[in-house]
Amino acid sequence: MVKNGAGSKGAAGYAFCVDLSQVVARGIAVLDPTIKDADEALGALAKAASRELGVPVAALHDGLRRRERLWPTALPEGIALPHTILPEIRRTLVVPMFVPFGVPMAAGEQPSDIIIGLFGGPDRPNDHVRVLGRLARIANDPGALRALRASPSADDLVHTLLELDAAHA
């Protein structure tokens, strides 16, 4: 549940709207042209999230791998939204990544160059679904994807993602 007051609250105290600025930490984005495959991409997301969440990289990486094996999260637009829910995660976190040459997230998939990882805990499933919904709105906008792809740095990627989220709210 979002606790800092953004969005309206329902009777149970759950926020109706999760603003990405609440779940994306500055300095967390990954911009890495050396990533060659999906497992490396998931590992880089896990490493970035581990620093912020205090959860071991291996646990986060394994959670992302398990979820991707069940049903790959790549979309035809060249964006993937790998996500996991693990008991040791205490808050929702989004890690944006840009891989300039793209990587197929599963066999036979077209490469994804925008990969946005989502990490959450079982006590906040509503946040997880709402964040996925916000990311899906951005993923459906070709102009938004062009703007993300044009980000020259990891910091710019975060800034652009947050601007796009505000515009698509």
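In helix α1, the residues D39, L42, G43, L45, A46, K47, A49, S50 and L53 meet V57, L60, H61, L64, R65 and E68 of helix α2; a contact here means heavy atoms within 4.5 Å. Sorted by class, this contact of α1 with α2 holds eight nonpolar, three polar and four charged residues. In that sorting, Ala, Val, Leu, Ile, Met, Phe, Trp, Tyr, Cys and Pro count as nonpolar, Asp, Glu, Lys and Arg as charged, and the others, Gly among them, as polar.

Before going further, please keep in mind that this is a predicted model, in which local features need pLDDT of at least 70 and side-chain atom pairs count only at pLDDT 80 or more, while totals for chains, interfaces and linings use all residues. Residues are numbered from 1 along each chain as its sequence is written, and side-chain values use heavy atoms, with hydrogens and water left out.

Back to the helix pair. Two packed helices are described by the angle between their axes and the distance between the axes. For α1 and α2 (residues 57–70), the angle is about 135 degrees and the axes lie 8 Å apart. The axes are lines fitted to C-alpha atoms, for helices over the stretch in contact, and angles run from 0 to 180 degrees between N-to-C directions. The two helices are therefore oblique to each other: angles under 35 degrees count as roughly parallel, over 145 as roughly antiparallel, 65 to 115 as roughly perpendicular and the rest as oblique.

Now look at A48, which sits in helix α1 (residues 38–53). A48 counts as buried because its relative accessibility is 3%, and buried means under 20% relative accessible area, exposed over 50%, partly exposed in between (1.4 Å probe, protein chains only). Leaving aside neighbours within four places in sequence, A48 is in contact with I28, V30 and V95.

A25 lies in the segment before β1 (30–31). With a relative accessible area of 14%, A25 is buried as well. Its partners, not counting residues up to four places away in sequence, are E52, L93 and V158. From A25 to A49, 24 residues apart in sequence, the C-alpha distance is 9.5 Å.

Let us move on to helix α5 (residues 154–168). Helix α3 (residues 125–139) packs against α5 at an angle of about 95 degrees, with axes 10 Å apart, which makes α3 roughly perpendicular to α5. Here R134, L135, R137 and I138 of α3 meet L161, L164, D165 and H168 of α5. Helix α4 (residues 142–149) also packs with α5, at about 165 degrees and with axes 9 Å apart, so these two are roughly antiparallel. A144, A147 and L148 of α4 meet L157, T160, L161, L164 and H168 of α5; by class, that contact has six nonpolar, two polar and no charged residues.

Finally, the whole chain. There are five helices and six strands, taken from DSSP runs (helices H or I, at least four residues; strands E, at least two) and numbered from the N terminus. Along the sequence, the pattern is β-α-α-β-β-β-β-β-α-α-α. Of the 169 residues, 49% count as buried. Among contacts with a separation of 6 or more, 65% come from residues 24 or more positions apart.
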